[in-house]
Amino acid sequence: MTDKRRALITGITGQDGSYLAELLLDNGYDVCGVVRRSSTETFERIMDFKSRLTLVQADLTDQVSMIDVLSEIRPHEVYNLAAQSFVPTSWKQPILTGDVTALGVTRVLEAIRVVDKGIRFYQASSSEMFGHAQETPQTERTQFYPRSPYGVAKVYGHWITVNYRESYGLFAVSGILFNHESPRRGLEFVTRKVTHAAARIKMGLESEVRLGNLKSKRDWGFAKDYVRAMWLMLQQDTPDDYVISSDETHTVGEMCEIAFDHLGLKWQDHVRVAPEFYRPAEVHLLLGCSAKAREKLGWQPEVSFEQLVKLMADADLARVQRQIKNESA
Ligand code: NAP
Ligand code: G4F
């Protein structure tokens, strides 16, 4: 072990985990990532810098594996990003979602309590906790009203983090992050589904994309900006909870318009509304107020909503063009 600061990231193979790992490596950390066993590797997002990481096998559903990993690595900071994070899946698999996304947080906190109470802890909380929003914009003081099993699980994760801070004096913080996207976003989330489809349509591989509620509004930002806020939260003198958002809201329809327009296409020609993508209970409007983070952490986003959608569309177009070239070679 070196004298460098050590960070452990659960969910390192996900969108945020991959960006956070890069940020921490750049900041001089030894970075360790928890990966769960699967029959095929899910290392695509961390491939370019995997040789600089330590990867350890554990699972948020397995308490002993989390204690073992913390005992072995002895990190200074733990970022808990692992979750069943796709909202529609949380209705299909509510028990699994509760086990990983809610109780999983307690398992990590228990591992910290047992191994070393000095470890600083970040919990990836979500604007989905506001759900049927009780006020607009939403702040750290807005009452929660989750609208999916995922949102309910995140509310549990938030409060157990606050509770371990208050019960055991842990440096445990909850970052309430609004939607954040990137070219590394999973293909099932709406932004990436749209930019990926627009790129394939542009290249003549498809002609339409089927979506659900085009009227729903989200406060979207760039994932790379948002992981910076996670790190900042763990560098403060005292633990606290922060909303991280762009402080703007846009409809799914507006997002489609920018993506298709950017690739020289008319979105109404290609977007079809399909009932199967509507949700049993929708979160209609999310709009954050990140004033506290801007003032206390000195955080602010660098990429606007429009820039974000365009950079995602560009990345998907380049990716689709590369695939076509490789297939014809
Ligand atoms: P993501 O891309 O879906 O990544 C989820 C990660 O969790 C993956 O690395 C996955 O591993 C891992 N994981 C799932 N179940 C696990 C288990 N049982 N044990 C260990 N690891 C497990 O999510 P993301 O967008 O990066 O989001 C990161 C975190 O922030 C999540 O907790 C999410 O709920 C929360 N969040 C996200 C947003 C957003 O807009 N992106 C906003 C607010 C909060 P595999 O690769 O093996 O599947
Ligand atoms: O992209 P989404 O699936 O993201 P959602 O449900 O807001 O959740 C994401 O952000 C949360 C933060 O608020 C995270 F905690 C969570 O882990 C995840 O990262 O859907 C966004 C909106 C919804 O209103 C949905 O109904 O887009 C609407 N939508 C319309 N058509 C669609 C589709 N969503 C998806 N995934 N697929 C569609 O075809």
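Predicted model: local features only at pLDDT ≥ 70, side-chain atom pairs only at ≥ 80, totals over all residues.
Helices here are DSSP runs of H or I with at least four residues, strands are runs of E with at least two, and both are numbered from the N terminus. Axes are lines fitted to C-alpha atoms, for helices over the stretch in contact, with angles running from 0 to 180 degrees between N-to-C directions. Angles under 35 degrees count as roughly parallel, over 145 as roughly antiparallel, 65 to 115 as roughly perpendicular and the rest as oblique.

Helix H8 (residues 252–262) and helix H10 (residues 305–328) form another pair, with axes that come within 9 Å and cross at roughly 50°, so H8 is oblique to H10. The crossing of H8 and H10 is right-handed; a crossing is given that name if the near helix is turned clockwise from the far one by less than a right angle, and is called left-handed if the turn is anticlockwise.

## Around ligand 1

Ligand 1 has 24 residues around it, of which Thr13, Arg36, Asp59, Ser85 and Tyr150 come nearest; a residue is near a molecule if one of its heavy atoms lies within 4 Å of it. By class, this shell holds nine nonpolar, ten polar and five charged residues, where Ala, Val, Leu, Ile, Met, Phe, Trp, Tyr, Cys and Pro count as nonpolar, Asp, Glu, Lys and Arg as charged, and the others, Gly among them, as polar.

An N or O atom in the side chain of Tyr150 is 2.6 Å from an oxygen atom of ligand 1, while a backbone N or O atom of Asp16 lies 2.8 Å from an oxygen atom of the ligand. The protein covers 89% of the 900 Å² of accessible area that ligand 1 has on its own, with areas taken from the Shrake-Rupley method with a 1.4 Å probe.

## Around ligand 2

Ligand 2 is likewise surrounded by 24 residues, with Ser126, Tyr150, Ser216, Arg279 and Glu282 the closest, and its shell divides into nine nonpolar, seven polar and eight charged residues. A polar side-chain atom of Tyr150 lies 2.7 Å from an oxygen atom of ligand 2, and a polar side-chain atom of Lys193 lies 2.8 Å from an oxygen atom of ligand 2. Of the 720 Å² of accessible area that ligand 2 has on its own, the protein covers 96%.

## Backbone details

Thr136 and Pro137 are joined by a cis peptide bond with omega about 0°, and Pro137 lies in the loop between S5 and H5. Arg74, in the loop between helix H2 (63–73) and strand S4 (77–80), has a phi near 45°, a positive value in a residue other than glycine. Most residues other than glycine have a negative phi, and most peptide bonds are trans.

## Conventions

Residues are numbered from 1 along each chain as its sequence is written, and chains are lettered from A and ligands numbered from 1 in the order in which they are written. Local features need pLDDT of at least 70 and side-chain atom pairs count only at pLDDT 80 or more, whereas totals for chains, interfaces and linings use all residues, and side-chain values use heavy atoms, with hydrogens and water left out.

Notes. Polar contact = N/O pair within 3.5 Å; in protein donor to acceptor, adjacent residues only side chain to side chain.
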